Amino acid sequence: MESLLQTANSLMEQHPGYRVEIIGGVVTVAPLPDGRHADALTKSMIPFLAADLHGKESDVLQGIGLWLPSGPEDYAIPDLAIVDADLDEHLIENNCYDPAVFRLVLEVTSSNYNNDLRNKVAAYAEAKIPVYVIVDRKHGRVHVLTEPMGGGYDSHQVYAPGQTATLPDSIGAPVNLDVAELIRAGRPRS
């Protein structure tokens, strides 16, 4: 019988560009992101790059594998992550890295938004990811979750357009996210 990891890798080969993850022992397959998802992701990166979080003590990376403690083969691929610069020393398996080197993960929601808003909240909290940011395109807001505890986060701040989401300095530098700009980038252009 094929392992979950073998199944996930087979699905990735059959569907190039799709995001295949194993969360809570369940294989999930996300479709190719659309252009608005990509724009919201790019706009999300800019404040982190402007804060000089890429290249010295940390790196700002897209689509990097995060090994999860929730199951023997569990892993996620966040849209964006801020990781310690010594990432290469923390490779675990299947191009996935130890959650201890992740300072922040960020997801931009797509059609499978419930995965980002529910399953990944529990998975990232269990992995003790200190900061989880969700650009929620469906509901037009940004979530900032901090203080991981068990299967959730003790602090969950929700920001609407017109507000600024201030991230904890623990990510390595002060960073503010313009919620209106991120939500606008993620919506179809008229």
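## Basis of the description

Because the model is predicted, local features are described only at pLDDT of at least 70 and side-chain atom pairs count only at pLDDT 80 or more, whereas totals for chains, interfaces and linings use all residues. Residues are numbered from 1 along each chain as its sequence is written, and side-chain values use heavy atoms, with hydrogens and water left out.

## The six-stranded sheet

An open sheet is formed by six strands in the order β3-β6-β9-β10-β11-β12, with mixed pairing; helices (H or I, at least four residues) and strands (E, at least two) are DSSP runs numbered from the N terminus, and two strands pair if DSSP finds at least two bridges between them. The edges are β3 (58-62) and β12 (152-159), each of which pairs on one side only. Neighbouring strands of this sheet are turned against each other by 15° on average, direction ignored, where axes are lines fitted to C-alpha atoms, for helices over the stretch in contact, and angles run from 0 to 180 degrees between N-to-C directions.

Within the sheet, β6 (residues 80-84) and β9 (residues 102-108) pair in the antiparallel sense over four bridges, and I82 has L104 in β9 as its bridge partner. Helix α2 (residues 35-50) packs on the sheet, where it touches β3, β6, β9 and β10 (131-136), and its direction makes about 150° with that of β9; contact here means heavy atoms within 4.5 Å. Helix α3 (residues 113-126) lies across β9, β10, β11 (141-149) and β12, and runs at about 170° to β10.

Strands β13 (residues 164-167) and β14 run antiparallel and are joined by four bridges, with L167 opposite V175 and T166 partnered by N176. In a regular strand the side chains alternate between the two faces of the sheet. In β13 the covered face carries A165 and L167, while the uncovered face carries T164 and T166; in β14 (residues 175-178) V175 and L177 are on the covered face, and N176 and D178 on the uncovered one.

Helix α4 (residues 179-186) is largely enclosed by the rest of the structure, because six of its eight residues are buried, buried meaning under 20% relative accessible area, exposed over 50% and partly exposed in between (1.4 Å probe, protein chains only). These buried residues are V179, A180, L182, I183, A185 and G186, and what covers them includes α2, β10, β11, β12, β13 and β14.

## Surroundings of F48

F48 lies in helix α2 and is buried, with a relative accessible area of 0%. Not counting residues up to four places away in sequence, F48 touches L53, V60, L80, I82, L104, L106, L167, I171, V175 and L177. The C-alpha atoms of F48 and V60, which are 12 residues apart along the chain, are separated by 7.2 Å.

## Salt bridges

The structure holds 11 salt bridges, each defined as a side-chain nitrogen of Lys or Arg within 4 Å of a carboxyl oxygen of Asp or Glu. One of them joins E21 to K120, with the closest N and O atoms 2.9 Å apart, and this pair links distant parts of the chain, since E21 is in strand β1 (residues 19-23) and K120 in helix α3, 99 residues apart. E21 counts as buried at 2% relative accessibility, and K120 likewise counts as buried at 2%.

K120 also forms a salt bridge with E107, the closest N and O atoms being 2.9 Å apart; E107 is in strand β9, 13 residues from K120, and both K120 and E107 are buried. Through salt bridges that share partners, E21, E107, D116 and K120 are joined into one network.

## Two loop residues with positive phi

Most residues other than glycine have a negative phi, and most peptide bonds are trans. D52, in the loop between α2 and β3, has a positive phi near 65°; D52 is partly exposed at 42% relative accessibility and forms a salt bridge with K56, the closest N and O atoms being 2.8 Å apart. K56 is exposed, with a relative accessible area of 60%.

N95, in the loop between β7 (91-93) and β8 (96-97), also has a positive phi, near 60°, and is exposed, with a relative accessible area of 61%.
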